[in-house]
Amino acid sequence: MNNHKKELNFKKGVIAQLVLSSIYLVLGIVLFILFLIKIDGLGSDSLGWTMSLLIVGLIAFIISLITFKNKSVLRKRTIKHYDETRRDIQLKSSSYSYYFVMFFLFLITVLIGQRNNEFAAMLLLVILLTLVVNLFIKYALTRIYTKGGNSDETSE
Amino acid sequence: MKNKIAELRKEKKISQTELADAVFVTRQTITSIEIDKYTASLELAYKIAKYFGKTIEDIFDFSELEDNINE
């Protein structure tokens, strides 16, 4: 993929972020107005939801707007997004965190097993299923990567 | 993989940031390649070689790999 294509792809992502954050923002504003005019049925924790929607929406909107408008920021973020070492680090960190999550789930299963055996068995099944799915994904990806090539080519 | 990027950069009097910007990667990636912590992809190696007007073999040292190839 050339640099221009990379920038275009990243720009599409930023536009999606802009749309999503504006939805958050609009929802937050609507809820805030409803809260101000004290409409019934919003619930006791509506202010918390409203504020979190407003804050998250506003921060995300500002960041994506700056990225979208400023060419140098867009280029810098695109470079960072497609950077080789960053991708490498992300791959490694996600595989390490996968094992951490597995260990954590196993620990929870053991702890729950002391109180509720059925629930623990269910959790253990989830862990096993996740492991099997992970192996299947690896197998499927290997198949996709090697599809179309001959497994053994000999030359005369 | 050992390489001559730092040498060539000094010859051309350009910074890591300038080179990184030209080949569309971060400065950290150039640092990692220079100190042999990361092996550049074929695409990046080609871009770096093209930037310096040299071939990939001129910049990257493949001698370690050659020992591993049994003919």
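The model is predicted. Chain A contains five helices and zero strands, and its elements follow the order α-α-α-α-α from the N terminus on. Of its 156 residues, 8% count as buried. Among the contacts in chain A with a separation of 6 or more, 55% are made by residues 24 or more positions apart.

Chain B has six helices and zero strands. Read from the N terminus on, its elements run α-α-α-α-α-α. Chain B comprises 71 residues, of which 20% count as buried. Residues 24 or more positions apart supply 48% of the contacts in chain B with a separation of 6 or more.

## Helix 1 and helix 2 of chain A

Two packed helices are described by the angle between their axes and the distance between the axes. For helix 1 of chain A and helix 2 (residues 46–69) of chain A, the axes come within 7 Å and cross at roughly 150 degrees. An angle over 145 degrees counts as roughly antiparallel, and helix 1 of chain A is therefore roughly antiparallel to helix 2 of chain A. The crossing of these two helices is left-handed. By class, the residues of the contact of helix 1 with helix 2 of chain A comprise 18 nonpolar, nine polar and no charged.

## A residue in helix 2

Ile66(A) lies in helix 2 of chain A. Is Ile66(A) buried, partly exposed or exposed? Ile66(A) counts as partly exposed, because it has 13 C-beta neighbours inside 10 Å. In sequence, Ile66(A) and Val14(A) are 52 residues apart, while in space their C-alpha atoms are 10.0 Å apart.

## Helix 1 and helix 3 of chain A

Helix 1 (residues 3–36) of chain A also meets helix 3 (residues 71–82) of chain A; their axes come within 9 Å and cross at roughly 100 degrees. The two helices are therefore roughly perpendicular to each other. On helix 1 of chain A, the contact is made by Lys6(A), Glu7(A), Phe10(A) and Lys11(A). On helix 3 of chain A, the contact is made by Leu74(A), Arg75(A), Arg77(A), Thr78(A), His81(A) and Tyr82(A). The residues of this contact divide into three nonpolar, two polar and five charged.

## Helix 4 and helix 5 of chain A

How are helix 4 (residues 84–113) of chain A and helix 5 (residues 117–146) of chain A packed? Their axes are 8 Å apart, and the angle is about 165 degrees. Helix 4 and helix 5 of chain A are therefore roughly antiparallel to each other, and helix 4 passes helix 5 in a left-handed crossing.

Helix 4 of chain A takes part through Met102(A), Leu105(A), Phe106(A), Ile108(A), Thr109(A), Ile112(A) and Gly113(A). These residues meet Asn117(A), Phe119(A), Ala120(A), Leu123(A), Leu124(A) and Ile127(A) in helix 5 of chain A. The contact of helix 4 with helix 5 of chain A has 10 nonpolar, three polar and no charged residues.

## Where the chains meet

The contact between the chains takes nine residues from chain B and eight residues from chain A. On the side of chain B that touches chain A, helix 3 (residues 27–34) of chain B gives the largest share, three residues. That side of chain B divides into four nonpolar, five polar and no charged residues.

Terms used:
Residues are numbered from 1 along each chain as its sequence is written. Chains are lettered from A and ligands numbered from 1 in the order in which they are written. This is a predicted model: local features need pLDDT of at least 70, side-chain atom pairs count only at pLDDT 80 or more; totals for chains, interfaces and linings use all residues. Axes are lines fitted to C-alpha atoms, for helices over the stretch in contact, and angles run from 0 to 180 degrees between N-to-C directions. Helices (H or I, at least four residues) and strands (E, at least two) are DSSP runs, numbered from the N terminus. Angles under 35 degrees count as roughly parallel, over 145 as roughly antiparallel, 65 to 115 as roughly perpendicular and the rest as oblique. Two residues are in contact if their C-beta atoms, placed from the backbone, lie within 7 Å. Ala, Val, Leu, Ile, Met, Phe, Trp, Tyr, Cys and Pro count as nonpolar, Asp, Glu, Lys and Arg as charged, and the others, Gly among them, as polar. A residue is buried if 20 or more other C-beta atoms lie within 10 Å of its own, exposed if 12 or fewer, and partly exposed in between; C-beta atoms are placed from the backbone. A crossing is left-handed if the near helix is turned anticlockwise from the far one by less than a right angle, and right-handed if clockwise.
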